[in-house]
Amino acid sequence: MSHNATSPYLIAGAGLGGLTAALALQRRGLRVRVLEQAQELREVGAGIQLSANANRVLYQLGLEDALMEVARPTAGKRIRLWSSGRTWPLFDLGAESVARYGYPYLTIYRADLHRILAQAVQANDPHAITLGAKVAQFTQDDTGVTAVLASGERIEGAALIGADGVHSRVRAALFGADAAAFSGTVAWRGVIPAEKLPPHLREPYACNWVGPGAHVIHYPLRQGKLVNFVGILERDDWQVESWTERGSVEECARDFAGWHEDVQTLIQALDEPYKWALMLREPLPAWSLRRVTLLGDACHPTLPMLASGAAMAIEDGYVLARALEAHPDDIPLAFKRYEAARVERASRVVRGSAENARRFHNPALEHAQGAADYVDREWNEARVRERYEWLFSYNADEAPV
């Protein structure tokens, strides 16, 4: 393999993490080639939460104005009880997020963030993203990497970044197939046009409904025009891990039978609910091998209970670019430094998400008095700060690389 100094950095996958890495590398004057298996750039319709730590990265990449056109700051988070609807404040975000952490907390339509990132990458280089390009395998030597596409085409680069998601081919080639275990939980998700809902279900708060064996989350998207719905419950008869499996409103309503009328109102307003099985995976202890590394769900897929999967992929992409800028002549070292900076934090999110799953579904929530005691204990200010402060206060520019 002969690679010259201008060989691009290859990125497998044009998801949120891959595109953040691409943009961060471009901002440092490095050339990228993003290889995306889909024939068109699009994201599934779902909402995500972007805490201050993620928005810090996106603002550094020049995306503040574009974000603010489609997102709005979240005023705060609330806990509500499945049966009575009783409400507790979880924490204030809005102005407090900016005051404490320097950046807002946003809820955003995943497809909007994806489009903003892709447009920014393509504005820097119209040829940066190649569609219909599935990385099936790769070879590497001391001078570079050759990605082999499913079509047989070979593409040469200085390094390869596997940002190809939970079913990563790059990870499988590096470390073998992953051992995914069914978590025992199934998620329902969908997006609701806000005009179908009463005003109190459209407020700029993220609500976490908690109950025995299940929880529901909803929050506004697209400046309040849409409301995101996620309902997660313990169910062992469904194990398809796919974002595109459709379910029915009737089945979703059955899964939350007996829950407060507000939850039923949300479910009945869903255009088309999707359901997917949530799998558990141990975080990988190592992400890199010489000139190939991984980021995001390819190395630390996480349950959605800390609302930080996207944030971790975004941070990964940014810290990775910093490491490559810091060690331009030693890519294997840059990847080791990136991994050292990220592996503990990402693993902590994976574990914290699994803990939150147990917290949201605790049997103590079944009855009103036990529930009140449990919420006061598990979601008092000190406990909440302990669970979230380290997450939100992270500065991706200060991670040692």
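Which residues of H2 are buried? The legends below take up this question after an overview of the predicted model.

**View 1. Overall fold of the predicted model.** The protein contains twelve helices and 18 strands. Its radius of gyration is 21 Å, close to the 21 Å given by the globule rule for 401 residues, so the protein is as compact as a globular protein of that length. Along the principal axes, the C-alpha atoms fill a box of roughly 70 × 45 × 35 Å. Among contacts with a separation of 6 or more, 76% join residues 24 or more positions apart.

**View 2. Surface and charges of the protein.** The accessible surface amounts to about 16,100 Å², and carbon and sulfur atoms contribute 48% of this area. Of the 401 residues, 58% count as buried. The protein carries 43 positive and 49 negative charges, whose mean positions are 1 Å apart.

**View 3. Residues 6-25, the span annotated in UniProt.** An unreviewed UniProt entry places the feature "transmembrane region" at these residues. In the model, residues 6-25 are 50% helix and 20% strand.

**View 4. Helix H2, residues 52-60.** Eight of the nine residues of H2 are buried, so this helix is largely enclosed by the rest of the structure. The buried residues, which answer the opening question, are Ala52, Asn53, Ala54, Asn55, Arg56, Val57, Leu58 and Tyr59. An α-helix has 3.6 residues a turn, so residues three or four places apart point the same way. Gly62 follows H2 and has a positive phi, near 85°.

Terms used. Residues are numbered from 1 along each chain as its sequence is written. This is a predicted model: local features need pLDDT of at least 70, side-chain atom pairs count only at pLDDT 80 or more; totals for chains, interfaces and linings use all residues. Side-chain values use heavy atoms; hydrogens and water are left out. Helices (H or I, at least four residues) and strands (E, at least two) are DSSP runs, numbered from the N terminus. The radius of gyration is taken over C-alpha atoms; the globule rule is 2.2 Å times the number of residues to the power 0.38. Buried means under 20% relative accessible area, exposed over 50%, partly exposed in between (1.4 Å probe, protein chains only). Contact means heavy atoms within 4.5 Å. Accessible areas come from the Shrake-Rupley method with a 1.4 Å probe; for residues, only the protein chains shown count as cover. Lys and Arg count as positive and Asp and Glu as negative; His and the chain ends are not counted. The place of a charge is taken as NZ of Lys, CZ of Arg, CG of Asp or CD of Glu. UniProt positions are given in the numbering used here, feature names are shortened, and annotations may be inferred rather than shown by experiment.
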